[in-house]
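Trainee: Can you walk me through this one? I'd like to go residue by residue where that helps.
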Amino acid sequence: CSCSVLYVNILASHVADEGFFDADGSGFIASKRACVAINNANEAVFKLEDVADQLNMVVHEDTHRRQLGDESTSVPIMAIFSDTTSNLQTERDRLIGTVASQLGKDIEKYIDELLERSAISGKTEGMAEDELDSALGPLLDYLNANMLAASDHLSEDAFLPFVREVW
């Protein structure tokens, strides 16, 4: 159990330490490596839950045997799995949060630039379509690139929490 938590903790640390930034430092990229790390963490949670479900059947059988008079002792294994699963989910969420917060920082930067540009030009309404395209282009390009990469490389179960965390 603790090995799975350690594994996801190592994944989260690698993503946080290595940053997964593009070469010129202009912004975060939801790279395939970051997505694979999130998928692996998510899969570790699911696998541990599967093992716990299988063991839960054994625990119920053991309880039934004790009720029939068999006094064999049992370890509170479900409590161990419950705690480990909770810790694993926390580590997975930390990993998703690390990647999502980097995207969030860049999105804020693009929005701030857009607002600053709007304030400088004095236009908040009635911008021409080409001005809007020019102003929104970098933000939309950034979102398209990163959300496309995330949707291509994240499992559906990992993508939804990731998008929630970004927004």
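Trainee: Is Val45 buried or exposed?
Mentor: Val45 counts as buried, because its relative accessibility is 1%. Buried means under 20% relative accessible area, exposed means over 50%, and partly exposed is in between (1.4 Å probe, protein chains only). The areas come from the Shrake-Rupley method with a 1.4 Å probe, and for residues only the protein chains shown count as cover.

Trainee: What kind of model is it, and how are things counted?
Mentor: This is a predicted model, where local features need pLDDT of at least 70, side-chain atom pairs count only at pLDDT 80 or more, and totals for chains, interfaces and linings use all residues. Residues are numbered from 1 along each chain as its sequence is written, and side-chain values use heavy atoms, with hydrogens and water left out.

Trainee: Back to Val45. Which helix is it in?
Mentor: Val45 sits in helix H2. Helices (H or I, at least four residues) and strands (E, at least two) are DSSP runs, numbered from the N terminus.

Trainee: Let's zoom out. How many helices and strands does the protein chain have?
Mentor: Five helices and zero strands. Read from the N terminus, the order is α-α-α-α-α.

Trainee: What share of the residues counts as buried?
Mentor: 34% of the 167 residues in the protein chain.

Trainee: Salt bridges next. How many are there?
Mentor: Three. The test is a side-chain nitrogen of Lys or Arg within 4 Å of a carboxyl oxygen of Asp or Glu.

Trainee: Which residue does Lys47 pair with?
Mentor: Glu43, at 3.7 Å from N to O. Both lie in helix H2 (residues 32-67), four residues apart, about one turn of the helix. Lys47 is partly exposed because its relative accessibility is 47%. Glu43 is partly exposed too, because its value is 38%.

Trainee: And Arg94, what does it meet?
Mentor: Arg94 meets Glu91 at 3.0 Å, N to O. They are about one helical turn apart, because three residues separate them in helix H3.

Trainee: Is Glu91 buried or exposed?
Mentor: Glu91 counts as buried, because its relative accessibility is 13%. Arg94 is partly exposed, with a relative accessible area of 36%.

Trainee: What about Asp93, which residue is its partner?
Mentor: Arg92, with the closest N and O atoms 3.2 Å apart. Arg92 is buried, because its relative accessible area is 13%. Asp93 is partly exposed at 41%.

Trainee: New topic. How many aromatic pairs does a search of the whole structure find?
Mentor: One. Tyr110 and Tyr142 have ring centres 5.1 Å apart and planes at 45 degrees, so the pair is tilted. Tyr110 is in helix H3 and Tyr142 in helix H4 (residues 129-153), so the pair ties together parts that are 32 residues apart in sequence.

Trainee: What are the cut-offs for a pair?
Mentor: Rings of Phe, Tyr and Trp (its six-membered ring) pair if their centres lie within 6.5 Å; planes under 30 degrees apart count as stacked, over 60 as edge-to-face and the rest as tilted.

Trainee: Are those two tyrosines buried or exposed?
Mentor: Tyr110 is buried, and Tyr142 is buried as well.

Trainee: Last one, the surface. Which residues form the negative patch?
Mentor: Glu108, Asp112, Glu113 and Glu116. Patch residues have over 30% relative accessible area and no salt bridge; like charges are joined within 9 Å, nonpolar side chains (Val, Leu, Ile, Met, Phe, Trp, Tyr) within 5 Å. Lys and Arg count as positive, Asp and Glu as negative, and His and the chain ends are not counted. A charge is placed at NZ of Lys, CZ of Arg, CG of Asp or CD of Glu.

Trainee: And where is Asp112?
Mentor: In helix H3 (residues 77-121). Asp112 is partly exposed, because its relative accessibility is 47%.
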